[in-house]
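I opened my notebook to look up a few spots in this structure. My entries follow in the order I made them.

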Amino acid sequence: MDFHPTEEQAAAASLAARILSDLATHERLAEAGTGSDAELWKALTTAGLTGAVEEIGLLGLVLLLEEQGRATAQVPYAATCVYGILPVAAHGSPEQRDRLLPALGTGEAVATGAFPARGRITAEGGRLTGTAPAVPWLRDATHVLVPDADRALWLVRTDAPGVRTSPVETTAPWSAGRLTLTAAEGERLGSDGAYEAALAAARTAFAGLQAGVCAGALARAVEYTSAREQFGRPLSTNQGVMLRAADAYMDTEAIRVTTYEAAWRIDEGLPAHEHALTAAWWASEAGKRVVHTGQHLHGGMGADLDHPVHRHFLWGRQLDAYLGCGSELLAELGAAIAEGERAEGEQA
């Protein structure tokens with residue numbers, strides 16, 4: 001395997017980093033409240049960073065989402081890519097790709113997903129009924145990727161008859177909403193296995209987002225403890241501080257490397273179910289530890305709700321539970337490994 005980014009992937013990540021550092025400032029994020037930053041979203045789409053995902057693949061997207069997580073940028077970038085561009089490109093018909101991908105690539109259309117499937121939404125004759133209590137970036141979305149109780153995928157327009165959305169506040173400011181469907185018309189996307197593939201890609205992508213959130217929290221902690229003095233010397237020279245920062249760095253790198261492996265395997269068309277679960281587990285368990293460390297190393301400042309590091313803490317805790325908490329993911333991973341061993345035994 002080769003995790004070195006291609007020239008196109010590296011260029012896209014560098015461009016994203018520049019745009020986000022210029023526009024995703026603490027002041028602008030505070031002004032946005034729990035909503036999205038429309039100007040930042042326009043800058044990213046105008047730069048071609050949404051449409052580029054078709055070319056740079058999931059590994060390239062992970063690199064871009066690391067930059068979004070590092071800045072905790074409040075835009076529907078992750079959702080549009082993993083619930084719109086990637087599944088439509090992978091599982092859509094030629095007509096669906098021609099109709100949907102251009103608008104998603106330019107940001108004219110915004111996608112999100114009612115993931116993971118919890119059996120709350122049923123489909124009958126192409127009509128969907130049920131409720132998803134908290135869908136990220138639903139307030140911005142024009143399309144929602146909805147798995148039904150049988151794990152078939154449907155695309156639903158948010159302005160269609162029978163679709164009702166209402167704002168919901170979650171831990172992180174993700175412009176979330178409650179989705180209620182009442183015999184709403186859905187457009188089938190893909191066939192058997194499409195849901196599992198979309199969920200694996202989503203878990204991998206959001207693990208990449210968590211890697212960026214953790215890297216940003218740790219960078220802020222390093223900056224603070226290097227400048228803050230106690231008893232005549234920087235806090236960063238305290239052995240306890242150094243050990244906690246070192247542990248947080250190793251956790252962040254574990255999230256990153258498992259995510260890169262899962263993304264690379266998906267891009268190469270290799271089996272990646274267990275690898276995506278591994279990346280998601282690290283993002284949940286280690287991510288939680290890192291954002292707590294980032295806040296703790298700020299001392300009393302870490303308790304200030306208006307301090308920039310608190311935003312990383314909120315994102316990290318939201319990502320800890322999104323798409324499956326650590327214990328849930330570990331149980332699913334154990335079941336997948338056991339099933340694989342049974343299959344190997346039967347073949348032998």
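**Entry: Val213.** I looked up Val213 and placed it in helix H7. Helices here are DSSP runs of H or I with at least four residues, strands are runs of E with at least two, and both are numbered from the N terminus. Val213 is buried, with a relative accessible area of 0%. I noted the cut-offs: buried means under 20% relative accessible area, exposed means over 50%, and partly exposed lies in between, with a 1.4 Å probe and protein chains only. I then checked Val213 against Val309. The two are 96 residues apart in sequence, and their C-alpha atoms are 9.9 Å apart in space.

**Entry: ground rules.** This is a predicted model, in which local features need pLDDT of at least 70 and side-chain atom pairs count only at pLDDT 80 or more, while totals for chains, interfaces and linings use all residues. Residues are numbered from 1 along each chain as its sequence is written, and side-chain values use heavy atoms, with hydrogens and water left out.

**Entry: Val75.** Val75 sits in the loop between H4 and H5. Its relative accessibility is 1%, so Val75 counts as buried. Val75 and Pro173 are 98 residues apart in sequence. In space, their C-alpha atoms are 9.8 Å apart.

**Entry: helix H5.** Next I took helix H5, residues 77–91. How far apart are its end C-alpha atoms? They are 20 Å apart. The expected span is 1.5 Å times one less than the number of residues. Is H5 mostly covered or mostly uncovered? H5 is mostly covered, with 12 of its 15 residues buried. Among them are Tyr77, Cys81, Tyr83, Leu86 and Val88.

**Entry: salt bridges.** Side chains of opposite charge can pair when their charged atoms come close. A salt bridge is counted when a side-chain nitrogen of Lys or Arg is within 4 Å of a carboxyl oxygen of Asp or Glu. How many salt bridges does the structure hold? It holds 15.

I followed Arg203 to Glu332. Their closest N and O atoms are 3.2 Å apart, and the two form a salt bridge. Arg203 lies in helix H7 (residues 194–227) and Glu332 in helix H11 (residues 326–347), so the pair ties together parts that are 129 residues apart in sequence. Arg203 is buried at a relative accessible area of 6%. Glu332 is partly exposed at 28%.

For Arg28 and Glu39 the N to O distance is 3.3 Å. Arg28 lies in helix H2 (residues 26–32) and Glu39 in helix H3 (residues 38–46), so this pair ties together parts that are 11 residues apart in sequence. I also noted the cover. Arg28 is partly exposed at 23% relative accessible area. Asp37 counts as buried at 10%. Glu39 counts as partly exposed at 48%.

**Entry: a negative patch.** Glu7, Glu8, Glu54 and Glu55 form a negative surface patch. Helix H1 (7–23) and helix H4 (53–71) each supply at least two of the patch residues. Patch residues have over 30% relative accessible area and no salt bridge, and like charges are joined within 9 Å. I picked out Glu8, which lies in helix H1. Glu8 is exposed, with a relative accessible area of 53%.

**Entry: backbone details.** A cis peptide bond joins Phe115 and Pro116, with omega about -10°. Pro116 is in the loop between strand E1 (111–113) and strand E2 (121–124).

I then listed positive phi values. Arg151 is not a glycine, yet its phi is near 65°. Arg151 is in the loop between strand E4 (143–147) and strand E5 (153–157). At 43% relative accessibility, Arg151 counts as partly exposed. Ala183 is not a glycine either, and its phi is about 50°. Ala183 is found in strand E7 (residues 177–185). With a relative accessible area of 38%, Ala183 is partly exposed.

Key:
Patches are made of residues with over 30% relative accessible area and no salt bridge: like charges are joined within 9 Å, nonpolar side chains (Val, Leu, Ile, Met, Phe, Trp, Tyr) within 5 Å. Accessible areas come from the Shrake-Rupley method with a 1.4 Å probe; for residues, only the protein chains shown count as cover. Lys and Arg count as positive and Asp and Glu as negative; His and the chain ends are not counted. The place of a charge is taken as NZ of Lys, CZ of Arg, CG of Asp or CD of Glu.
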